[in-house]
Amino acid sequence: MKLVVPTTGQRINYLRVCLESIMTQPQAIDVVIVGPAAATAPLAEIASEYGCRFIPERTSGLSNAINQGWEESVADYLGWLGDDDVLADGAISAAIEELEGNSDAAMVYGRVKVIDSEGNHIYTMRPGKAASRVLKYGVNLVWQPGSLYRERAVRRAGLLDPSLRYVMDFDLHLRLSQHGTLSYVPRILASYRYHPTSLTATNADPHGERLTVMRRYLSRRAQMLEGCWWPVAKCVGRVWGSLQILSSPRP
């Protein structure tokens, strides 16, 4: 099992919390930190402290960093975790158990807690099994921090698209759906940290890049009727998100 942690080296406190959550997993995990060469000294020191590896990125960009960490992997399972995100206790065990029990699954996804900059719980995203069926219509409820991929499925589908800034995970998940099922685990697998510098918070056009990717995989008929169903799909996504917030217990 290989897990890549891409980082800019600017959120060291978050990075430590992230690595601690990985190290508490009972599995042997090949953890690779990928970051800018300019931050080699502090990142190499942290990698040594947590018993993992640091490699300087060859090319800038989040997708490039993750792809570099995944290259030449001999692991059965692949994943990545943002340096500001956190794995739940037992997450890897639950994800691997699901993948080993379902040979048709290209990936597994689960519930994801949303936390603030201080780690306080905001709400929990519970995507459900239906999330994989509406994914191709741009309703992106399959969140990357709570996902794990079968290595051979990733090799068939291809690595992350470096031209994408915000929805490289959405694109990968759509491609993986062409090579197997997307299997759901009804438990929390990770926490996504929402803060002013998170990638989602800095996306001024949350639908633009997603629409571009979605159109790559739609049938000709679905593309012709996009004007009819896309407003509905956006509404479904908003309503589903609102329901997750309202149904989550207050901290």
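In the predicted model, Tyr184 is buried, with a relative accessibility of 12%. Tyr109 is likewise counted as buried, at 0% relative accessibility. A search of the whole structure returns 7 aromatic pairs. One of them joins Tyr109 and Tyr184 in a tilted arrangement, with 5.2 Å centre to centre and 40 degrees between the planes. This pair links distant parts of the chain, since Tyr109 belongs to strand β6 (residues 105-115) and Tyr184 to strand β9 (residues 181-193), 75 residues apart. Elsewhere, Trp70, Trp80 and Tyr149 make up one aromatic cluster. Arg193 is placed over the face of Tyr14, at 4.1 Å from the ring centre.

Tyr109 is also among the residues in contact with Ser147; beyond neighbours within four places in sequence, the others are Met107, Val108, Val142 and His173. Ser147 lies in strand β8 (residues 147-150) and is buried, at a relative accessible area of 10%. The side chain of Ser147 reaches the backbone oxygen of Trp143 at 2.9 Å.

Helix α10 (residues 226-247) comprises 22 residues and spans 31 Å from its first C-alpha to its last, close to the 32 Å expected at 1.5 Å a residue. Its buried residues are Glu226, Trp229, Trp230, Ala233, Gly241 and Gln244. Viewed down the axis of α10, these residues fall within an arc of 115 degrees and therefore line one face of the helix. The buried residues of α10 pack against β7 (121-125), α8 (208-217) and α9 (220-224). On the other side of α10, Gly227, Cys228, Arg238 and Leu246 are exposed.

Methods: Residues numbered from 1 in each chain as written. Predicted model: local features only at pLDDT ≥ 70, side-chain atom pairs only at ≥ 80, totals over all residues. Heavy atoms only, no water. Helix = DSSP H or I, 4+ residues; strand = E, 2+ residues; numbered from the N terminus. Buried < 20%, exposed > 50% of the residue type's maximum accessible area, 1.4 Å probe, protein only. Polar contact = N/O pair within 3.5 Å; in protein donor to acceptor, adjacent residues only side chain to side chain. Contact = heavy atoms within 4.5 Å. Expected span 1.5 Å × (residues − 1). Arc of directions from axis to C-beta. Phe/Tyr/Trp six-rings, centres within 6.5 Å; stacked < 30°, edge-to-face > 60°. Lys NZ or Arg CZ within 6 Å of the ring centre and 35° of its normal.
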